[in-house]
Amino acid sequence: MFNPHPQVQYLPLGGHAACVVIDDALLAPERLPAFAQAYREDFQAAPPAVFPGLQLRMPEEFTALLHDVFRDHARRALGARRVLRSASRLSLLTSPIAALAPTHWIPRRERTFAPEQCIAVAELFLFHDTALGGTHFFAPRVSAQALEQLEHDADALSPDAFSQRHAIAAGFPHASSAYFAHVRTVPARWNRLLIHDGAAFHAPAIADPSRLATDPRQGRLTLQAVLVCSRNRVAW
């Protein structure tokens, strides 16, 4: 299913490992949107703090196919050794601004608290309308302690309380702020796969939320995966 000879580039992300951009990732990319359409009734609303939209868990057998892509094109760049566990889902970003949880008003990261492990995040764009947005990357401007407090409050406080405490308005992150500097935007492209360090702060690049839709044929359909990996014991 995945193209053994895709186009690969490595884009720097400041203090983190490069974002691996893999174009022409699938040999028959139209099959996944067709699958999503056929099973659209099985999509379920994700917990608001986890993902702002609908999702469909993918079989483990499919997720395992990503391991080869990661091994061939991203493992070395991200300093990973082997995949320990993984999960993937088809995702439709559908939530309007008013329905976003505060956790999605700020850039997000995926972390493992085991120092011998790291997390890789993969996102495959499965839509032709590039105006639906790619992915923004950010670098923190504040201390680690301030970031921890910000993330805690985004999860624990009501939207009004979070906005009042941190002077952050509801909306998808799109520019530099008091807390984060915008580092790079990777544009969306049909059949483009991004793989990056989960610890890098990132957010969907949504310029016009009114374009989001619940129809897999029209909306911002992506394949998203998380791969928990062991770290290299020594540098390559």
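Reader: What span should the 14 residues of α2 have, and how far apart are its end C-alpha atoms?
Author: This is a predicted model. At 1.5 Å a residue, the 14 residues of α2 should span 20 Å, and the end C-alpha atoms are 21 Å apart, which agrees.

Reader: Which residues of α2 are buried?
Author: Phe62, Thr63, Leu66, Val69, Phe70 and His73 are the buried residues of α2. Seen down the axis of α2, they fall within an arc of 100°, so they line one face of the helix.

Reader: And what does the face turned away from the buried side carry?
Author: On α2, that face carries the exposed residues Glu60 and Glu61.

Reader: Now α1. Which of its residues are buried?
Author: Helix α1 runs over residues 31-38, and Leu32, Pro33 and Ala36 are buried in it. They cover an arc of only 100° around the axis, which puts them on the same side of α1.

Reader: What covers them?
Author: The cover over the buried residues of α1 includes α2 (60-73), β5, β6 and β11. The face of α1 turned away from its buried side has the exposed residues Arg31 and Ala38.

Reader: Same check for helix α4. What should it span?
Author: Helix α4 covers residues 144-156, and at 1.5 Å a residue its 13 residues should span 18 Å. Its end C-alpha atoms are 18 Å apart, which agrees.

Reader: Which residues of α4 are buried?
Author: Leu147, Leu150, Asp153 and Ala154 are the buried residues of α4. They cover an arc of only 130° around the axis, which puts them on the same side of α4. What covers them includes β7 (135-140), α5 (159-166), β8 (180-186) and β10 (201-204).

Reader: What about the other face of α4, the one turned away from the buried side; which exposed residues are there?
Author: Ala144, Gln145 and Asp155 are the exposed residues carried by that face of α4.

Reader: I'm also looking at Glu151. What does Glu151 touch?
Author: Glu151 is in helix α4. Not counting residues up to four places away in sequence, Glu151 touches Arg109, Arg111 and Phe201.

Reader: How far is Glu151 from Phe180, C-alpha to C-alpha?
Author: Their C-alpha atoms are separated by 13 Å, and the two residues are 29 apart along the chain.

Reader: Changing topic. Where is Trp190?
Author: Trp190 sits in the loop between β8 and β9. At 23% relative accessibility, Trp190 counts as partly exposed, because buried would need under 20%.

Reader: What does Trp190 touch?
Author: Leaving out residues up to four places away in sequence, Trp190 touches Pro29, Glu30, Pro33, Phe125, Leu126, Phe127 and His128. One of these, Pro33, is among the buried residues of α1.

Reader: And how far is Trp190 from Ala146?
Author: The C-alpha atoms of Trp190 and Ala146 are separated by 37 Å, with the residues 44 apart along the chain.

Reader: Is Asn191 buried or exposed?
Author: Asn191 counts as buried, at 4% relative accessibility.

Reader: What about Ala167, what is its phi?
Author: Ala167 has a positive phi of about 55° although it is not a glycine. Ala167 lies in the loop between α5 and β8. With a relative accessible area of 72%, Ala167 is exposed.

Reader: Then His196. Buried or exposed?
Author: His196, in strand β9, is buried, with a relative accessible area of 3%. Setting aside neighbours within four places in sequence, His196 is in contact with Leu13, Cys19, Leu78, Ile119, Ala120, Val121, Phe137 and His202.

Reader: How much space lies in the largest pocket?
Author: About 620 Å³. The largest pocket is lined by 27 residues, and the closest to its centre are Val50, Phe51, Arg89, Glu110 and Gln224.

Reader: Which strands supply at least two residues of the lining?
Author: β5 (80-93), β6 (117-125), β10 and β11 (220-231) each do.

Reader: Last one, on confidence. What is the mean pLDDT?
Author: The mean pLDDT of the protein is 95, and 98% of its residues reach 70 or more.

Technical notes
Residues are numbered from 1 along each chain as its sequence is written. This is a predicted model: local features need pLDDT of at least 70, side-chain atom pairs count only at pLDDT 80 or more; totals for chains, interfaces and linings use all residues. Side-chain values use heavy atoms; hydrogens and water are left out. Helices (H or I, at least four residues) and strands (E, at least two) are DSSP runs, numbered from the N terminus. The expected span of a helix is 1.5 Å times one less than its number of residues. Buried means under 20% relative accessible area, exposed over 50%, partly exposed in between (1.4 Å probe, protein chains only). The arc is that of the directions from the helix axis to the C-beta atoms. Contact means heavy atoms within 4.5 Å. pLDDT is the predictor's confidence in each residue, from 0 to 100. On a 1 Å grid over the protein atoms alone, a cavity is a set of points where a 1.4 Å probe fits but cannot get out, and a pocket is an open set with protein on both sides within 12 Å along at least five of seven lines; lining residues have an atom within 4 Å of a point. Grid points are joined across faces, edges and corners, and a volume is the space filled by probe spheres set on the points.
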